[in-house]
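Welcome, and thank you for taking a look. Please keep the structure open beside this briefing as you read.

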Amino acid sequence: MRELEDRIRRVRPQWPAPGSEAEAKARAALGLSGAPSPARRWLARSTHGRRGTRLLVAVALLVTAGAAVAASLISGRGSSSPVGEPASLAFASPQTVGPSPGQIDGPVRVAVDGRGIVTAVWARGGRIVASTRASDGTWSAPLRLSDPAVRSTYPRVGSDRHGVTTVIWREATAGRRVVESFRLPSGAPAGQLFDVVGRRWAVISRTRSADGTWSAPERLSPESTSVRDLEEPGLAVASDGGVVVSWDLGDAIWARTRASGRAWAKPVLVGSGGGEAVDPQLSIVPSGRAALIWSNRDGVGNARRYQVMVATLDPARGWRSAVKVGRPGINPPYPAAGINDTGEAVAAWRTYGEATAQQRLLAATGDAAGHWSDQISIGGSGSSLIATRPLIVVRPDGAAFIVTGSEARAFRRPAGGEWGPLALAPVSGRGFAAVLGVDAAGVPVLVRGTTSPNTTVVERLMDRRPASKRAVLRGVAAEPSLALGADGTSAIAWVGSDSRTVRVAVAGPTSTSDGGGG
Amino acid sequence: MSRRKALIPVAAAVLVIASVLGVLAVRGGDGPRGWSAPEAVAGNQLTGEAVSAIAGDGTAVAVWTERVKDQWALMGSDRPLGGDWSAPTPIVGPQHWRVTGLVIAVDERGDAAVSFAYWGRGHAVLLGSYRAARGRWEAAQALAPTTSGFFQPSVALDAKGNATVAWVAGFGMGAPIFASGHSAAGWSDPVFVTRSSSFAAAPALSVGENGRTFVAMPAASGAPGRTHPRLAVFERGAAGAWSRLPDPAAITDGGLGPAIAVDSSGMPTVAWAQNESRGSSLMMRRWTGVNWGPPTVLDRGPRAGFGSLEARASGAGVVLAWARWQTRWTRVSVRAALTDGSGATGGSHALDSFTIPDIRGGATHTSPGPSPTRVLLAGSGHPIVLWDRLVTRTPTFAGELFSSALDAPANRWEPASRITPGPLEGGWPLAIQAGGRGKVATWARLMNPNGGPIEVYASERRSP
């Protein structure tokens, strides 16, 4: 018994709480009385008092609940249960991160690791910089990560629970400046035209280990000579340290993965279609399952069409073949996808035309076997419905959430059910920005920006009722970035209204736990 | 000789004459109503843009851009009346900058001037090139300093072959307008004309036979902060500086930009459309040298209903042609008017009236705007109008080209005659000209209606 107890205790850090139903069955089988304990209290008491009883329950679960559950209880992989703490909403006042001598290019990205360390990255004057918030709340001076001699854009950052942080960006790796001077008929100067030719681009990565050491830059993608390639490469970091990077190249989407503590695997062709692959969007869950969605734009003029494509990743098996979802559309669909630990996925995208009836949000569902449903329309029609890219979360139990539109309309689909509206608690002012994430407890976290007043509202979306707790931050931005750590640390980052400052609001954890996110 | 025997030679002569006439009728052309089969310019890299103009002797000049790999070139070709397109020759050889914004003018003798821009990374520089009749294109010369955005030039030639290019530099309210000229001494540096008061298109430019040059465009009047839009006309003085004439009109509520033509006495006639409470009017005024003559209403139509408007010198006066909605969205009217040397007109004449597919395409709300019909005009002694009739919108826009020439002795316009053999997908008219020897028309077409290379065509209709 003791040997088994030691073994079970050793694997406990990855041991999720069993469901209450499973625990009740085990208790009944063992003749134990008492109502099932909440999972968290079960975890907390697993080494205190009634130790033998708890371990018997665990053993019973191992025996009675089936190999899959047993594997998930011990290995912690492919788990359908939360792996950390709920997102804290106790935000401190936003902090200004680092002085910026130049204008910030694009949005700032933020990540939180398992220790509550927050990392923010942004592009400034064609260079990628990063700043880190230590546990005492102080921010480091911005550190330049990219080569100052070339132009770098589109930074992304992700952190795992071990404290490893990965940053990627697109870098111009070559180019030659062409300049020609002109003169008026009298010989007076007429100015110059300039251009850069022979440009090439690549996706570059740097990794910071838990001790704070940055690796040398590493090129992840082949070079491309087209400025249309490698635009906004995707990065997703799983809690356990798995990393996925994606990019578009011509008509195809490529990806590269890195398991925790390992080197990067070779690039993999995820999918391709006619025309040009555009607008890839990558999402990941703590176990490392990922969904990658994009559209292939084919044809020209009136014959141009967009076909949404999606592929899912099982870390153990690799990428499923990409499939087409929905029917080709005339306008850019701005798709998004979400996935859970069992491989159930949801894709959503928009279709729009001049008539209101043509402006709709479409969705499709993929089951764990990779079969996708036909597209359905959600939430009626109208321009406000499709003003933004949809945000999607698929919970471990199969329930799914979509938030979309300039004023954040939400929809929920219970596991095995149909889509329906989800009432959100009203906010003061006019909503115009939204970000959706899922915390380590498996609860979607919605961030909404409003104007008049300018605020950022953060709330956890609970089932079938508006969130009862929320945080309201002063200030708002069009593109906030959200990171939720498994220890409960929450971070929201945005670029200040002067386009020169980075603002980050951090909510410290309300309880300790291990994990990561970003 | 018997009567029968006497009639035989007569009958034979009749048969011969009839045969000759029959042959002549066949040789009159292979296209509709005597127009020849369209002949395409012999180039296989035409892409981007094409322009054309036709000299008084019927020689068509075509200029277009070509792109080979990452290089851009500007090419030209001529087609004499009854002949073939010449082998394309470079006006600008392959070079790095995108060539865009082409405009061209050709005079009666065949002198030609073209203006265009080099464009790179959001900036542009304006250039011009000149060619004397039967000569070679001169090296392109920068006419204006680089600007952010683009230029909108116009070009015209006088009877001596001197060229003028006028342009708006950049885009937006207050964009400056400049002009440059070409003479035997070459191009001149740009001279400031005025500042535009609206998001103006290229300034309307006309050069008289005697070289008097006028520009018309919307411009502002009044103190800073209290300006109001006016229709302004500027004349270039002998020393090259521009002076503003008294404004012929106030611009009310976003009327159509003006057209201007200088008659044989050197006086400009300006035409413009202005919106009113319940419609719009096409107006015209002639400068007497001292002041503007009384305004003349040439036509009335729906509010914001006037579209393409052109004016050219013709005889002692000017000829004008325009298109407007007859019934908004579905029926178009193409009309023309002539003036005499005093500016008096006998009214406008309907050249064509036709139905087009509803251009709203099912949209629930469309702001009022002009018809899509493009009207081109040639004047001098043989006024002729070219326009396109939209035939279908799906799967792509396709139209047919029509023309009507003024039968001067009879003082009436010919019935509209079709030029193109059939609907022209992705096509648009470029130029038309009429002379004693016949008529010539040029047009362009996207080879792939969904984008891609273009072709330039010419067709002619010889006079009997």
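**A buried pair to start with**

Arg460(A) and Asp439(A) are both buried, where buried means under 20% relative accessible area, exposed over 50% and partly exposed in between (1.4 Å probe, protein chains only). This is a predicted model, in which local features need pLDDT of at least 70 and side-chain atom pairs count only at pLDDT 80 or more, while totals for chains, interfaces and linings use all residues. Residues are numbered from 1 along each chain as its sequence is written, chains are lettered from A and ligands numbered from 1 in the order in which they are written, and side-chain values use heavy atoms, leaving out hydrogens and water.

**Salt bridges within chain A**

- Arg460(A) and Asp439(A) form a salt bridge, with their closest N and O atoms 2.8 Å apart; the term stands for a side-chain nitrogen of Lys or Arg within 4 Å of a carboxyl oxygen of Asp or Glu.
- The pair links distant parts of the chain, 21 residues apart: Arg460(A) lies in strand S29 (residues 455-460) of chain A, and Asp439(A) in the loop between strand S27 (430-438) and strand S28 (444-451) of chain A.
- Strands (E, at least two residues) and helices (H or I, at least four) are DSSP runs, numbered from the N terminus.
- Arg317(A) and Asp314(A) also meet through their side chains in a salt bridge (3.0 Å, N to O).
- Within that pair, Arg317(A) counts as exposed because its relative accessibility is 73%, whereas Asp314(A) counts as buried because its value is 12%.

**Salt bridges within chain B**

- Asp358(B) pairs with Arg360(B) in a salt bridge whose closest N and O atoms are 2.6 Å apart.
- Asp358(B) is partly exposed, since its relative accessible area is 26%, and Arg360(B) counts as partly exposed at 33%.
- A network of salt bridges links Glu39(B), Arg79(B), Glu460(B) and Arg462(B).
- Over all chains, the structure holds 32 salt bridges.

**Where chains A and B meet**

- On the chain A side, 22 residues are in contact (heavy atoms within 4.5 Å) with 25 residues of chain B.
- The area buried between the two chains is about 1800 Å², and carbon and sulfur atoms give 60% of it; buried area is the accessible area (1.4 Å probe) that two parts lose on being put together, summed over both.
- In chain A, the residues that lose the most area to chain B are Leu184(A), Pro185(A) and Leu193(A), together 31% of what that side buries.
- One salt bridge is found across this interface: Arg121(B) pairs with Asp195(A), their closest N and O atoms being 3.4 Å apart.
- Strand S7 (165-183) and strand S8 (189-208) of chain A are the elements giving two or more residues to the side that touches chain B.
- S8(A) supplies the largest share of that side, nine residues.
- By class, the chain A side has 12 nonpolar, five polar and five charged residues, with Ala, Val, Leu, Ile, Met, Phe, Trp, Tyr, Cys and Pro counted as nonpolar, Asp, Glu, Lys and Arg as charged, and the others, Gly among them, as polar.

**Chain B as a whole**

- Chain B has one helix and 36 strands.
- Of its 464 residues, 52% count as buried.
- Among contacts in chain B between residues at least 6 apart in sequence, 45% join residues at least 24 apart.
- The accessible surface of chain B comes to about 19800 Å², with 54% belonging to carbon and sulfur atoms; accessible areas come from the Shrake-Rupley method with a 1.4 Å probe, and for residues only the protein chains shown count as cover.
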